[in-house]
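Here is a short walk through a protein model. Keep the structure in view and follow each step on it.

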Amino acid sequence: MTVLVVRTDKLGDFITALPVCSALKRHDPSYRIVVCVAPLNRELAQACDFIDEVVVDDGGPLLALASKLRQAKADVSLTLFSNTRVALAQFFARIPRRIAPATKLAQVFYTDRVAQRRSRVEMAEYEYNLALARILIPELDTSVRQPLLRFSSEAVGETYRRFREKYGISKPVVAFHPGFGGSSDANWTLDEYVELIREVAALRTVQAVVTFGPDEGGLRAEAAQKLKGVDAVLHTSGDGLVAFARLLASFRLFVSTSTGTYHLAAAVGTPTMTFFADTLFASVKRWKAVSDEALQHPYMLPSDERKRREMFARVKNDLRATAAGISS
């Protein structure tokens, strides 16, 4: 059986779809797993050992996308996040069975429409995705393998070796990612991140690293100015998602807001300290990562200024204790 899994939005959203692909392949290794993704996620999808083929929705003509999907020869599709474009493309591709949440007008183009009411946040996003997959296979084992994303030890080791040589790093890494790509509802200010970075740098037993996306040059320049005199390495990830994922797999802690890089770090099994908005829809309850929960350290940032200051003090203490407990 060929199963098409559709998730054409951002990085973090796509990672919440990966447990479905993994579970289906584990259920029956003969299944051919095809994914339809945004261009951003092509490379990462191609690196997954449980995905057989990648179709990219590049935003071109609708019928061109339908033609790509028809060539995949899917027996069934699971659309984890639907819109009219992907719904029509699958309809025109004549996929025999098309399963999707019954949440939008586009639902009329699917054969199986499942009421999930995700706005109630009764489970995490990736758990809703797995629940949808159980419409196809009721007995599907929905446990998530740990870590979900795996690379060869040689590839991870070589990536980390080059990274350490480039910056002269000899200590375990605690990484910070102050940016959020517009996909987070709550975050600390850059000045607050600088204060957290100083806490870690002062320990001298771990190396503070600050990571930036390729389009965050302005943020990096501002951070460099504020971190003058602080033993912190500033690193821009410009070699693609797979190279960055391999690098994340070697870090001992990843500190960020709830954004795609957080989900990527969790997927490779790196412990995370993550900041969420104090609202149900943007909470950790909805955006819990795919990693072992013991590796996740979530914090809900209150909007009230006094409570926010109190939360920051707590985060600083927790970070100091966690980083101090990291050994080489």
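The model is predicted. Begin with open space. The second largest pocket holds about 240 Å³. Its lining counts 13 residues. Five of them lie nearest the centre of this pocket: Thr159, Phe163, His235, Asp239 and Leu247.

Which elements supply at least two residues each of this lining? They are helix H7 (153-167), strand E9 (232-236) and helix H10 (241-248). Helix H7 gives the largest share, with four residues. Sorted by class, the lining of the second largest pocket has six polar, four nonpolar and three charged residues.

Two of those elements also pack on each other. The axes of H7 and H10 are 8 Å apart, and the angle between the helices is about 85 degrees. Angles of 65 to 115 degrees count as roughly perpendicular, so H7 is roughly perpendicular to H10. On the H7 side, the contact is made by Ala155, Val156, Thr159, Tyr160 and Phe163. On the H10 side, Ala243, Arg246 and Leu247 take part. The contact of H7 with H10 has six nonpolar residues, one polar and one charged. Thr159, Phe163 and Leu247 belong to this contact, and they are also among the residues nearest the centre of the second largest pocket.

Strand E9 leads on to a sheet. This open sheet has six strands, in the order E9-E8-E7-E10-E11-E12, with parallel pairing. Strand E9 and strand E12 (296-301) are its edge strands, and each pairs on one side only. On average, neighbouring strands here are turned by 20 degrees against each other, direction ignored.

Look inside this sheet at strand E10 (residues 253-257) and strand E11 (residues 272-277). Four bridges join this pair in the parallel sense. Thr257 stands opposite Phe275 of E11. Helices pack here too. Helix H9 (residues 217-226) touches strand E8 (207-212) and E9. The direction of H9 makes about 170 degrees with that of E9. Helix H13 (residues 305-324) lies across strand E7 (173-177), E10, E11 and E12. Helix H13 runs at about 165 degrees to E12.

Now turn to the sheet that holds strand E1. Six strands form this open sheet, in the order E3-E2-E1-E4-E5-E6. Their pairing is parallel.

The partner of E6 is strand E5 (residues 97-101), and the two pair in the parallel sense over three bridges. In one of these, Ala100 has Arg113 of E6 as its bridge partner. Helix H6 (residues 125-136) lies across strand E1 (2-6), strand E4 (76-79), E5 and E6. The angle of H6 to E5 is about 150 degrees.

The loop between E6 and H6 holds Val121. Val121 is not a glycine, yet its phi is positive, at about 50 degrees. The loop between H6 and H7 holds Pro147. A cis peptide bond joins Gln146 to Pro147, with omega at about -15 degrees. From there the chain leads back to H7, the helix with the largest share of the lining of the second largest pocket.

Conventions. Residues numbered from 1 in each chain as written. Predicted model: local features only at pLDDT ≥ 70, side-chain atom pairs only at ≥ 80, totals over all residues. Heavy atoms only, no water. Pairing = 2+ DSSP bridges. Contact = heavy atoms within 4.5 Å. Axes fitted to C-alpha atoms, helices over the stretch in contact; angles between N-to-C directions. 1 Å grid on protein atoms, 1.4 Å probe; cavity = no way out; pocket = protein on both sides within 12 Å on 5 of 7 lines; lining within 4 Å. Points joined across faces, edges and corners; volume = space filled by probe spheres on them. Nonpolar A, V, L, I, M, F, W, Y, C, P; charged D, E, K, R; others polar. Parallel < 35°, antiparallel > 145°, perpendicular 65-115°, else oblique.
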